[in-house]
Amino acid sequence: MNTTPRHDDEAAARAANSPLVRDFGLLIKSATRLEQHIDSALRKECGISHTMLEVLIRLCRRPGEEVSQRQLADDLTLTSSGTTRLIDRMEEAGLVRRLPSPADRRVALVEPTTEGRTAFLHAAAVHARVVEEYFVKPLAADDYTRLISGLSEIDKALRDDTR
């Protein structure tokens, strides 16, 4: 093995250690760890996953709104088959029910059950507690406001990108 550093090895090391790579890695690592904390608390205290909570959030956001499985897949950035399997599990657990769309027989609408709404309220409280503890509390109020503002700008730039 050649132990003499080559020019491309040094360039690769500089790129791997760049502030942009480090900063973005920190964002991803922090978001992943927060997601893991939320998912763990929800599974332990509520018996549902974070993804299931995300479905319930979407379904409870506007009572009476008709939400199709396709819309859920798009909103949650899941595949159609992944959404179908998730809704199958949630239906088996009594959290949601599928209904045929009156406008299109090929479309399945999804709505929360009474048990699903109850589970959602409990899970939302657990979610809020974990987010408060690990996302809000570690920052000074001004820093939190700037972080949310910055994340909103990043989200807007990504949504506005038409490439």
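Start with helix 2 (19–46) and helix 7 (141–160), each of which supplies at least two residues of a nonpolar patch. This is a predicted model. Select Phe 24, Leu 27, Ile 28, Ile 148, Leu 151, Ile 154 and Leu 158: together these residues form the patch on the surface, with about 630 Å² of accessible area. Helix 7 gives the most to the patch, with four residues. Colour Phe 24 separately; this residue lies in helix 2. Phe 24 counts as exposed because its relative accessible area is 53%, against a cut-off of over 50%.

Stay on helix 7 and show the charged side chains. Arg 146 and Asp 143 meet in a salt bridge, at 2.3 Å from N to O. The two residues are three apart in helix 7, so about one helical turn separates them. Arg 146 is exposed, at 53% relative accessible area, while Asp 143 is partly exposed at 35%.

Next select Lys 156 and Asp 160. Their side chains form a salt bridge with an N to O distance of 2.7 Å. Here the spacing is four residues within helix 7, which again means about one helical turn. Both ends are partly exposed: Lys 156 has 41% relative accessibility and Asp 160 has 43%.

The structure holds 15 salt bridges. One of them pairs the side chains of Arg 129 and Glu 45, at 2.6 Å from N to O. This pair links distant parts of the chain, with Arg 129 in helix 6 and Glu 45 in helix 2, 84 residues apart. Arg 129 is partly exposed, with a relative accessible area of 44%; Glu 45 is also partly exposed, at 35%.

Now display the aromatic rings. The count comes to one aromatic pair. Select Phe 135 and Tyr 144: the ring centres are 5.7 Å apart and the planes stand at 85 degrees, so the pair is edge-to-face. Phe 135 is partly exposed at 24% relative accessibility, and Tyr 144 is partly exposed at 25%.

Then hide the surface and go to the largest nonpolar core. Of its 25 residues, Val 55, Met 90 and Val 96 touch the most other members. Helix 2, helix 3 (50–60), helix 4 (69–76), helix 5 (80–92) and helix 6 (114–136) each supply at least two residues of this core. The largest share comes from helix 6, with six residues.

Centre the view on Val 55. Leaving aside neighbours within four places in sequence, Val 55 is in contact with Leu 72, Leu 76, Leu 86, Ile 87 and Met 90. Of these contacts, select Leu 86 next. Leu 86 lies in helix 5 and is buried, with a relative accessible area of 4%, where the cut-off for buried is under 20%. The C-alpha atoms of Leu 86 and Val 55 are separated by 9.1 Å, and the two residues are 31 apart along the chain. Show the surroundings of Leu 86 to finish: not counting residues up to four places away in sequence, Leu 86 touches Thr 51, Met 52, Val 55 and Leu 78.

Notes. Residues are numbered from 1 along each chain as its sequence is written. This is a predicted model: local features need pLDDT of at least 70, side-chain atom pairs count only at pLDDT 80 or more; totals for chains, interfaces and linings use all residues. Side-chain values use heavy atoms; hydrogens and water are left out. Patches are made of residues with over 30% relative accessible area and no salt bridge: like charges are joined within 9 Å, nonpolar side chains (Val, Leu, Ile, Met, Phe, Trp, Tyr) within 5 Å. Accessible areas come from the Shrake-Rupley method with a 1.4 Å probe; for residues, only the protein chains shown count as cover. A salt bridge is a side-chain nitrogen of Lys or Arg within 4 Å of a carboxyl oxygen of Asp or Glu. Buried means under 20% relative accessible area, exposed over 50%, partly exposed in between (1.4 Å probe, protein chains only). A nonpolar core is a set of buried Ala, Val, Leu, Ile, Met, Phe, Trp, Tyr and Cys residues joined through side-chain atoms within 4.5 Å. Contact means heavy atoms within 4.5 Å. Rings of Phe, Tyr and Trp (its six-membered ring) pair if their centres lie within 6.5 Å; planes under 30 degrees apart count as stacked, over 60 as edge-to-face and the rest as tilted.
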